[in-house]
Amino acid sequence: MRKTKFDMNLAICQKVLEAFSNIGSEQLAPIIEGFSKSIDQIKGWVNDNNFPAPKSEIAKGLEQGINDLSLLIEDLEPNFRSKAFSAFYQAVNSVNPDYFEKQNAKIQLVIKRGKIKTESEFYLLRNRLDRIEGNGSHEEKIISKLVELYEIQA
């Protein structure tokens, strides 16, 4: 049976949680606790087959959480940051080897189109901008402009 986006993103979150738990850093404790609570809640919905929103919407939220993790990891002390990034990328790639390529392709598509159409595209570009902000690149300028236009129109 083909896995849905919901199934894939939930599996990624579970793998990341497991990987972070194995690092043994107190700095990761808030991330682990937050992810653990969310995953437990979602597992309850799955077991009861009673979802508060369409699974596609929950999948978008899971994806946003996955994408935001890199920003949270960047705030860790350097000696744990590299371990956390390594665990993060390995966990994601073990579930979906194309995940980061697909995210980048979506970003490039929005840039080429020159307009953000959906909230999930906005968050994807906002996340990318947060990672490259301050480097003065052409990509940063384009994404900044697209994000600003979307925020004005929203």
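**Entry 1: aromatic rings.** I began with one aromatic cluster, formed by Phe85, Phe88, Tyr89, Tyr99 and Phe100. The model is predicted, so I kept to features that pass the pLDDT limits for local detail. I then counted aromatic pairs and got eight. I looked at two of them that share Phe88.

The Phe88 and Tyr89 pair is tilted. I noted 5.3 Å centre to centre and 55° between the planes. Next I checked how accessible each ring residue is. Phe88 is buried, with a relative accessible area of 1%. Tyr89 has 35% and is partly exposed.

Phe88 also pairs with Phe100, and this pair is edge-to-face. Here the centres are 5.8 Å apart and the planes make 70°. What does this pair tie together? Phe88 belongs to helix H4 and Phe100 to helix H5, so the pair ties together parts that are 12 residues apart in sequence. Phe100 is partly exposed, at 27% relative accessibility.

Entry 2: I looked up Asn96, which sits in the loop between H4 and H5. Is Asn96 buried or exposed? The relative accessible area is 10%, and the cut-off for buried is under 20%, so Asn96 counts as buried. I then listed contacts, leaving out residues up to four places away in sequence. Asn96 touches Met8, Ile12 and Lys102.

**Entry 3: nonpolar cores.** The largest nonpolar core holds 32 residues. Which members touch the most others? They are Val16, Phe20, Leu28 and Phe88. Helices H1 (5-21), H2 (29-48), H3 and H4 each give two or more residues to the core. H1 supplies the largest share, 10 residues.

Beyond four places in sequence, Val16 touches Leu69, Phe88, Ala91 and Val92. I also found a second, separate core of 13 residues. Among its members are Ile111, Phe122, Ile132 and Leu146.

**Entry 4: the largest pocket.** I moved on to open space. The largest pocket has about 290 Å³. Its lining counts 16 residues. Closest to the centre are Lys60, Thr118, Glu119, Ser120 and Glu121. Helices H3 (55-74), H5 (99-113) and H6 (119-132) each give two or more residues to the lining. Which element gives the largest share? H3 does, with six residues. I sorted the lining by class and found seven charged, five polar and four nonpolar residues.

**Entry 5: the second largest pocket.** This pocket has about 200 Å³ of space. I counted 13 lining residues. Phe100, Gln103, Ile107, Asn127 and Arg131 lie nearest the centre. The elements that give two or more residues here are H3, H4 (78-95), H5 and H6. By class I noted six nonpolar, five polar and two charged residues.

**Entry 6: cross-check.** I went back to Phe100. Phe100 pairs edge-to-face with Phe88, and Phe88 is buried at 1%.

Technical notes
Residues are numbered from 1 along each chain as its sequence is written. This is a predicted model: local features need pLDDT of at least 70, side-chain atom pairs count only at pLDDT 80 or more; totals for chains, interfaces and linings use all residues. Side-chain values use heavy atoms; hydrogens and water are left out. On a 1 Å grid over the protein atoms alone, a cavity is a set of points where a 1.4 Å probe fits but cannot get out, and a pocket is an open set with protein on both sides within 12 Å along at least five of seven lines; lining residues have an atom within 4 Å of a point. Grid points are joined across faces, edges and corners, and a volume is the space filled by probe spheres set on the points. Helices (H or I, at least four residues) and strands (E, at least two) are DSSP runs, numbered from the N terminus. Ala, Val, Leu, Ile, Met, Phe, Trp, Tyr, Cys and Pro count as nonpolar, Asp, Glu, Lys and Arg as charged, and the others, Gly among them, as polar. A nonpolar core is a set of buried Ala, Val, Leu, Ile, Met, Phe, Trp, Tyr and Cys residues joined through side-chain atoms within 4.5 Å. Buried means under 20% relative accessible area, exposed over 50%, partly exposed in between (1.4 Å probe, protein chains only). Contact means heavy atoms within 4.5 Å. Rings of Phe, Tyr and Trp (its six-membered ring) pair if their centres lie within 6.5 Å; planes under 30 degrees apart count as stacked, over 60 as edge-to-face and the rest as tilted.
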